[in-house]
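Open the structure in a viewer and keep the selection panel at hand.

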Protein chains: 4
Amino acid sequence: MNKPYHLVSRDYHALDEEVYVADDIIFARRNFCVIAGPCTVEDRVVIEETAHFLAELGVKMLRGGTFKARTSPHSFQGLGAKGLKYLRNAADQCGMKTVTEILGEQLVEQVSEYADILQVGSRNSQNFRLLSLLAKQAKPVLLKRGFMNTIAEFLSAAEYLAADGKRNIILCERGIRTFEPMTRNTLDISAVPLVQSESCLPIIVDPSHAAGRTDIILPLTRAAIACGAQGAIIEVHPQPHKALCDGKQSLSFKQFTSLWKNIGQLTQALEIERV
Amino acid sequence: MNKPYHLVSRDYHALDEEVYVADDIIFARRNFCVIAGPCTVEDRVVIEETAHFLAELGVKMLRGGTFKARTSPHSFQGLGAKGLKYLRNAADQCGMKTVTEILGEQLVEQVSEYADILQVGSRNSQNFRLLSLLAKQAKPVLLKRGFMNTIAEFLSAAEYLAADGKRNIILCERGIRTFEPMTRNTLDISAVPLVQSESCLPIIVDPSHAAGRTDIILPLTRAAIACGAQGAIIEVHPQPHKALCDGKQSLSFKQFTSLWKNIGQLTQALEIERV
Amino acid sequence: MNKPYHLVSRDYHALDEEVYVADDIIFARRNFCVIAGPCTVEDRVVIEETAHFLAELGVKMLRGGTFKARTSPHSFQGLGAKGLKYLRNAADQCGMKTVTEILGEQLVEQVSEYADILQVGSRNSQNFRLLSLLAKQAKPVLLKRGFMNTIAEFLSAAEYLAADGKRNIILCERGIRTFEPMTRNTLDISAVPLVQSESCLPIIVDPSHAAGRTDIILPLTRAAIACGAQGAIIEVHPQPHKALCDGKQSLSFKQFTSLWKNIGQLTQALEIERV
Amino acid sequence: MNKPYHLVSRDYHALDEEVYVADDIIFARRNFCVIAGPCTVEDRVVIEETAHFLAELGVKMLRGGTFKARTSPHSFQGLGAKGLKYLRNAADQCGMKTVTEILGEQLVEQVSEYADILQVGSRNSQNFRLLSLLAKQAKPVLLKRGFMNTIAEFLSAAEYLAADGKRNIILCERGIRTFEPMTRNTLDISAVPLVQSESCLPIIVDPSHAAGRTDIILPLTRAAIACGAQGAIIEVHPQPHKALCDGKQSLSFKQFTSLWKNIGQLTQALEIERV
């Protein structure tokens with residue numbers, strides 16, 4: 001069978017793509033790029049507090065949901081436009097870059113104004129119309145694997161982004177749906193080397209959404225580093241038990257500080273740069 | 001835990017919703033409503049030939065993809081606007097109603113002009129922005145279960161449609177992704193009685209996409225009838241081996257004729273009306 | 001690829017195998033054979049009460065676990081040898097045949113003395129040593145599909161039984177493990193026609209273990225009948241809420257009576273004999 | 001709900017169990033114990049050649065199947081008793097310990113004579129009668145997770161071993177069945193920290209069976225080390241393309257040498273002892 005992806009494959013482009021975000025933020029081999037922040041931008045205070053905390057540690061990219069994809073229409077849907085501004089301001093105060101999800105076609109323009117990296121969430125991983133629109137945006141896209149997508153489907157979704165020449169695509173393994181209930185999803189760690197072998201694109205992991213619990217975020221992040229992932233996106237919140245969403249999987253500042261140091265030692269031992 | 005769906009639940013609305021399409025097409029208990037047609041509108045001739053064949057048998061609803069959701073951007077993406085017109089014309093010639101998928105937000109207006117039932121495909125089952133837009137359309141929506149979604153998520157997606165008062169929603173079980181390779185997906189027949197118990201909305205099945213092969217379409221359709229499904233959507237093509245997509249799961253005219261008769265006998269024996 | 005099963009395939013034996021249990025119990029096309037009883041033989045009273053109830057309705061085969069396969073060693077493990085006798089006596093009082101599980105190699109002789117049909121449970125579906133031992137027993141074997149097994153693996157397990165010439169094998173689809181939490185497992189209704197197409201062996205369904213809840217046993221059983229299954233095994237208990245195991249999925253006498261009548265009407269309408 | 005396992009839980013035994021095999025082989029934290037060898041003992045030459053190769057590198061434990069669990073009865077079933085002797089002799093020549101699977105109840109005595117570690121395979125992970133028999137054996141048991149078992153079920157199976165006081169149990173994560181076809185199974189790396197948190201028992205990984213391909217064995221093993229696994233079991237064969245089973249996932253001597261060095265550097269950097 002012919003592969004459904006070609007432009008993102010090693011056959012088409014043998015060398016690793018390196019995705020530039022800023023002079024000191026490049027998703028590339030031997031770099032481990034960390035994105036952190038709360039699940040959602042709940043209000044101005046929380047996102048600013050988090051940004052200042054992260055920047056002081058040395059984290060360079062701030063995540064935060066603004067238009068949220070929630071299973072139920074009755075759940076908190078995010079602050080929307082106001083959230084975008086809060087996120088941008090908080091990042092700017094600290095010299096950070098921003099990552100936020102684009103939930104639908106009609107939001108592409110608006111979100112692209114405020115975000116440095118445009119995230120496509122797991123539920124939109126096969127929203128091909130949205131992907132085609134994003135293919136025309138200049139900014140890097142962070143594409144999450146659908147929780148029920150094969151690696152081939154994942155790369156085919158990236159192919160929609162690459163169709164018009166777009167190359168600054170970052171892939172993200174965020175766990176797949178299995179029968180195991182102890183974790184929210186099962187982090188498919190094999191996807192890291194397989195994607196790197198099949199494709200030229202960088203791949204990071206999202207241990208927070210995969211695990212759905214805080215106690216194994218550190219070992220999962222260590223596993224990702226050791227097997228060659230180029231980064232991670234991790235949830236952190238000043239008061240996880242009060243978070244409006246995903247509090248169970250958000251690290252506290254104390255927990256994140258400990259993780260940050262731990263992975264710093266690991267990356268150093270492996271001669272990888274923690275970005 | 002509170003249920004993430006309320007407006008589509010039995011708690012909110014105890015009686016079955018009956019979805020009106022035409023005076024002689026109502027999705028309701030004791031009716032088994034059949035939608036048939038090719039996976040995609042390939043050209044004018046194929047869709048007209050199919051429409052005439054189906055109308056003569058007594059089938060009242062014609063399906064056909066126009067803007068297609070394909071895993072790879074390199075696969076045939078459908079005829080687009082031209083396909084919509086061919087579908088409409090073919091149906092009008094035979095007095096049939098049309099069903100076609102709305103692939104993205106920007107297509108809502110255009111497709112709504114030509115289709116009598118607006119289909120949301122499996123990959124868009126959690127495209128919440130699209131669902132919210134469709135909530136404002138007057139025409140019935142046929143919502144497919146995501147192949148990766150639980151029944152609770154399926155009903156929550158319907159809740160997005162119902163959020164603004166929309167009631168004419170038809171649900172469709174089309175198979176879930178499992179480890180079994182003999183079928184494309186696994187038809188979750190339990191979803192039929194479970195959805196009917198949890199929700200007031202009608203539910204039909206899609207044995208063609210579930211099975212991904214023709215030889216078990218008949219037994220699956222019979223199972224659906226016997227356990228109370230309110231209809232089925234079935235792929236049929238004049239020359240399945242030449243179909244541009246999903247030929248493996250498309251019945252030939254001869255096979256469909258045989259199925260149509262067989263289920264006619266079954267519905268008659270069970271005092272259900274085959275629509 | 002060569003198929004891993006041959007002796008149980010249509011290629012080897014084109015005609016349906018008919019499995020004889022008694023003159024009036026033959027697992028064959030156009031017959032729908034019902035096995036019923038409690039999950040486990042809890043004491044003499046419960047099994048006798050159930051046997052008398054079932055026999056009066058017309059049910060001919062009594063099930064009941066004696067040596068039980070429980071996930072935890074701390075759960076009730078069954079009455080063992082005493083349970084076997086209770087089951088046999090209860091059945092004999094009512095002229096019924098017995099079905100019970102053989103949990104391990106060392107129990108083959110003992111259980112074979114008391115049971116008319118030797119059941120292999122889902123967790124032992126790939127216990128190849130046990131299967132090889134059972135291949136030498138004269139009595140019919142009821143082989144359940146492993147909840148983690150593909151249809152090809154299921155038929156390969158049957159192949160171990162058939163390896164030495166054994167032909168009286170009854171297959172049982174009992175649900176596979178998926179991500180859907182509303183049911184204990186997902187009844188793979190497609191397995192019925194697929195097994196009948198691939199193999200010459202009869203196949204029945206176990207809606208009780210698949211669903212893990214009582215409210216959809218009837219629609220699942222009706223689906224099985226309509227798509228050609230040759231029987232069903234259903235849990236029934238005088239007082240389900242007091243059952244030592246699987247009470248949630250056991251029908252009460254009243255519920256079973258209603259199911260029995262309902263499927264009697266369906267089989268009659270379809271000219272199938274309810275056995 | 002009460003947990004179905006207790007004796008193997010942290011609640012019962014807070015400290016890590018350390019499993020002794022020899023003075024220089026202890027499954028414990030800060031040790032990474034490697035078991036290697038061919039899928040099956042094909043003949044005397046292959047197993048001796050492999051043993052000499054491994055021993056020279058410094059590997060201390062030799063694996064090799066003798067009575068094999070094969071999906072089809074028509075596949076090679078192993079050399080049986082002869083294989084046990086070959087394995088023992090090869091190991092003895094090189095001062096190695098042996099690991100082989102016990103396929104059924106009737107083989108417990110025989111295999112226990114020749115093997116230093118008694119393996120229970122994935123398909124027997126819920127063969128409770130076999131587990132109960134093994135609970136009475138003095139030698140360490142290596143219990144593989146069923147490819148369709150939850151972690152709770154996995155620990156409950158270990159509970160059957162622990163029921164009579166047995167403590168020298170080594171757990172093995174070997175991949176679970178998911179929808180992803182690029183790997184044979186999906187290595188559930190989260191199981192490593194979760195099992196270590198829930199239970200006091202050591203856990204190793206089997207990247208060979210999980211991946212079903214050689215090209216990602218190294219990154220998976222590195223991931224396991226970094227997240228705290230206490231060992232790995234890896235397939236190696238002098239001529240993988242000629243192997244009677246699982247050749248696709250067996251490393252050649254050259255590949256294994258490279259892996260051995262690579263993980264030696266990693267364990268050294270992390271101050272873990274490679275055993």
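What covers the buried residues of α6(C)? The cover includes α8 (217-226) of chain B, together with α5 (151-162), β8 (169-173), β9 (203-205) and α8 (217-226) of chain C. Chains are lettered from A and ligands numbered from 1 in the order in which they are written, and residues are numbered from 1 along each chain as its sequence is written. This is a predicted model, where local features need pLDDT of at least 70, side-chain atom pairs count only at pLDDT 80 or more, and totals for chains, interfaces and linings use all residues.

Select residues 191-198 of chain C. Seven of the eight residues in this helix, α6(C), are buried: C:A191, C:V192, C:P193, C:L194, C:V195, C:Q196 and C:E198. Buried means that 20 or more other C-beta atoms, placed from the backbone, lie within 10 Å of the residue's own. Helices (H or I, at least four residues) and strands (E, at least two) are DSSP runs, numbered from the N terminus.

Next, select chains A and D. Here 33 residues of chain D are in contact with 33 residues of chain A (C-beta atoms, placed from the backbone, within 7 Å). On the chain D side, α6 (191-198), α8 (217-226) and α9 (253-269) each give two or more residues, and α8(D) has the largest share, six residues.

A turn of 180 degrees and a shift of 0.0 Å along the axis give an RMSD of 0.0 Å. The two copies are thus related as by a two-fold rotation axis. Finish on D:A223, whose C-alpha, at 2.0 Å, comes closest to that axis among the residues of chain D.

Note on methods
Two residues are in contact if their C-beta atoms, placed from the backbone, lie within 7 Å. A residue is buried if 20 or more other C-beta atoms lie within 10 Å of its own, exposed if 12 or fewer, and partly exposed in between; C-beta atoms are placed from the backbone. Copies are superposed by least squares on the C-alpha atoms of residues with pLDDT of at least 70 in both.
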